[in-house]
Amino acid sequence: EELIEQMHDDLYDGLKDEIVEAVNILLERGWQPYKVLTEGLVEGMRIVGVDFRDGILFVPEVLLAANAMKAGMAILRPLLAQTGAPKVGKMVIGTVKGDIHDIGKNLVSMMMEGAGFEVVDIGINNPVEDYLAAIEEHQPDILGMSALLTTTMPYMKVVIDTLVEKGVRDDYIVLVGGAPLNEEFGKAVGADAYCRDAAVTVETAKELMM
Ligand code: B1M
């Protein structure tokens, strides 16, 4: 599909209007929202990530790409959430302290909503106090944490250790995710599971809710 390649280029160039247009065209052509998301936006951002790592793209350019991706996601969000199914559970999710990456977290939120979960998104750069306040207020079944930096991912252990100290760790299913994590890390910090991507998060959440 030519349009998909064009989308990757437009995302790379941070062209928000073009991304919005391409998403709408693909939907009109009958593409499933999930397919537009994964093959268009997520794949495009993966390419951006490679060139960011290699020093070909810099923060301002990546921010533009992220903005364009968010504009595309905004169109897909209601479509992915259209389920009408009864709520299967509640999740509080946020990116940990020191970390402002939120695209992956937003994607997880969207997919969880689409699967019938109620999601309370507490945003980025959350110190332990914010997680505690949110779970107290919303009484979720699941606490989700996201980290994209090797320097911020250890903070997940701070949050989980605090839950243990307060004697409430076992009141919640704790799921962690983010590109630099792995299964071993998830175990080491005391999470119930590491989730590789948004789809795996949905599967894991459903499994652990049973
Ligand atoms: Co950042 N950045 N960034 N960045 N950035 C990375 C993460 C990096 C890998 C790039 C690189 O070098 N290749 C690198 C980290 C290196 C490391 O730690 N080892 C990096 C760096 C270094 C930085 C800065 C330090 C750069 C600087 O300032 N010098 C800085 C840090 C700022 C901070 O947080 N304090 C920074 C800033 C930024 C931008 C602001 C420019 C922008 C973020 C915009 C935004 O999020 N609003 C940005 C971006 C966009 C990226 C890359 C290119 C893309 C991340 C992304 O959105 N991916 C990224 C490179 C990469 O990962 N390839 C990079 C798409 C997204 C769909 O995937 O987030 O992995 P992902 O989420 C997946 C899964 O991981 C999982 O499901 C998602 C969907 O399938 N998942 C979860 C994620 N969270 C989950 C939570 C769950 C479950 C699953 O809970 C249950």
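Visitor: Which strands does helix α9 lie across, and at what angle does α9 run to β4?

Guide: Helix α9, residues 198-209, lies across β1 (89-95), β2, β3, β4 and β5. Its direction is at about 165 degrees to β4. Bear in mind that this is a predicted model.

Visitor: What about helix α7: which strands does α7 lie across?

Guide: Helix α7 covers residues 155-165 and lies across β3 and β4, at about 155 degrees to β3.

Visitor: How do I read the sheet itself, and what is its strand order?

Guide: Strands of a sheet pair through backbone hydrogen bonds, in either a parallel or an antiparallel way. Here you have an open sheet of 5 strands, ordered β2-β1-β3-β4-β5, and the pairing is parallel. At the edges sit β2 (117-121) and β5 (193-195), each pairing on one side only. On average, neighbouring strands of this sheet are turned by 25 degrees against each other, ignoring direction.

Visitor: Over how many bridges do β3 and β4 pair?

Guide: Strand β3 (residues 142-146) and strand β4 (residues 173-177) share 5 bridges in the parallel sense. Look for isoleucine 142, which stands opposite isoleucine 173 in β4.

Visitor: On to packing. Which residues touch the most other members of the largest nonpolar core?

Guide: Met7, Leu41 and Met112 do, in a core of 43 residues. Helix α4 (residues 59-81) gives the most to this core, with 8 residues. Leaving aside neighbours within four places in sequence, leucine 41 is in contact with Met7, Leu11, Ile19, Val36, Met69, Gly72, Met73 and Leu76. Apart from this core lies another, of 24 residues, including Val96, Ile160, Leu181 and Tyr194.

How values were computed. Residues numbered from 1 in each chain as written. Predicted model: local features only at pLDDT ≥ 70, side-chain atom pairs only at ≥ 80, totals over all residues. Heavy atoms only, no water. Pairing = 2+ DSSP bridges. Helix = DSSP H or I, 4+ residues; strand = E, 2+ residues; numbered from the N terminus. Axes fitted to C-alpha atoms, helices over the stretch in contact; angles between N-to-C directions. Contact = heavy atoms within 4.5 Å. Core = buried A, V, L, I, M, F, W, Y, C linked by side-chain atoms within 4.5 Å. Buried < 20%, exposed > 50% of the residue type's maximum accessible area, 1.4 Å probe, protein only.
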